[in-house]
Amino acid sequence: MAHLRGCASAKNLYIWTMEEGEFERRERDLRLHYWFRFSVVGLTCAFLLLVGVSTVMGRSLVWEGSVYSSGVEVIGPVLTSGTQYVIVAKNTWWYQYIPYNLAADAMYYTTDPLNTINWSNYFPAPGGHSFLQIDNGDVDWGAFSNEDTGHTYTIGWTGNGAPVSFRIRDWNDSSYENNVCHIDVYIYVDVTVGGRIADWGEQVVTYFAVTGLIFACATALPVSKKIRG
Ligand SMILES: [Ca+2]
C-alpha cells in the first residue's frame, strides 16, 4: 500500500510516495551511513597517528632510590638478565661539608666552595674512579653536567639476573664523617620499537591513537555489517 509523506517549510515542499516502512528504512540507512563515514574518518586518523608513532614507545620507571654519601651500599631491584635498562643519577652531595662546603656528583667534584650546584670548576673523580659505583665497580658516567642540566648522568645498563647495587665512594678524603646528602638514582627499562625512546608527549599520542583505533573499529565494523545486512 502506498502512502504520501512530506514535509513543508516556507521555502521547500517535498512530496513523495513510498511503500510502508520505506521512509523509516531509508532514514535508518542514512544515519548508518553517516556513522560509517565518521568511523572511517576516525579509523584513518587513528591509523595515521599509529604509523606516525610506530617507531617509538616509552620508558618505564623500574626503581628509584637515594644513595647517601655515608658509603653504605644501597641494594636495588633484580634486573632481568639480558634486558637493557637505563640508569640515571642526578644531584650533588658534599664530600667536605664542614668547614669547606665542597661538593661532588656521580662523576665529578669541585673545589669551589661558593656555589655547590653551579660549579665554577670541576674535576673528574681521582684515579679514574667514579664517585657513584654500580655493583661496587666504577662507572663512566660521561661528560660533566652542571646546574643547568641538574648534575644528571644517564647510562645504559644490561641486567644480569641479580640485584643491582649502588654506593658512593669518597675518593677525595676517604672520610665519610664530613659527607652530607645523596645522589638520586632512577632505573628505567626501555620499551622501544625502532630504537628511540619516546618522550611523555609522544607516549600520550600513542595512547590516544590506540584508544581511537579501538573505538573506530568497535563502531565501524558493526555499522558496516548492518549496512550490508
Ligand atoms: Ca669526605
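Is Gly-82 buried or exposed? In this predicted model, Gly-82 is exposed, because 9 other C-beta atoms lie within 10 Å, and a residue counts as exposed when that number is 12 or fewer. Gly-82 belongs to the loop that links β5 (74-78) to β6. When residues up to four places away in sequence are left out, Gly-82 touches Thr-158 and Gly-159. The C-alpha atoms of Gly-82 and Gly-161 are 7.9 Å apart, although 79 residues separate the two in sequence.

The chain contains two helices and 15 strands. Of its 229 residues, 21% count as buried. Among contacts with a separation of 6 or more, 73% are between residues 24 or more positions apart.

The largest nonpolar core comprises 27 residues, and those with the most contacts inside this core are Ala-89, Ala-104, Ala-106, Met-107, Phe-131, Leu-132 and Ile-183. At least two residues of the core come from each of β6 (84-90), β7 (93-96), β8 (102-104), β9 (108-109), β11 (132-134), β13 (163-168) and β14 (182-190). The greatest contribution is that of β14, which supplies four residues.

The surroundings of one core residue, Ala-89, were also examined. Neighbours within four places in sequence aside, Ala-89 is in contact with Ala-106, Leu-132, Trp-141, Tyr-153, Ile-183 and Val-185. Of these partners, Ala-106, Leu-132 and Ile-183 are, like Ala-89, listed with the most contacts inside the core.

Notes:
Residues numbered from 1 in each chain as written. Predicted model: local features only at pLDDT ≥ 70, side-chain atom pairs only at ≥ 80, totals over all residues. Core = buried A, V, L, I, M, F, W, Y, C linked by C-beta atoms within 7 Å. Buried ≥ 20, exposed ≤ 12 C-beta atoms within 10 Å, placed from the backbone. Contact = placed C-beta atoms within 7 Å.
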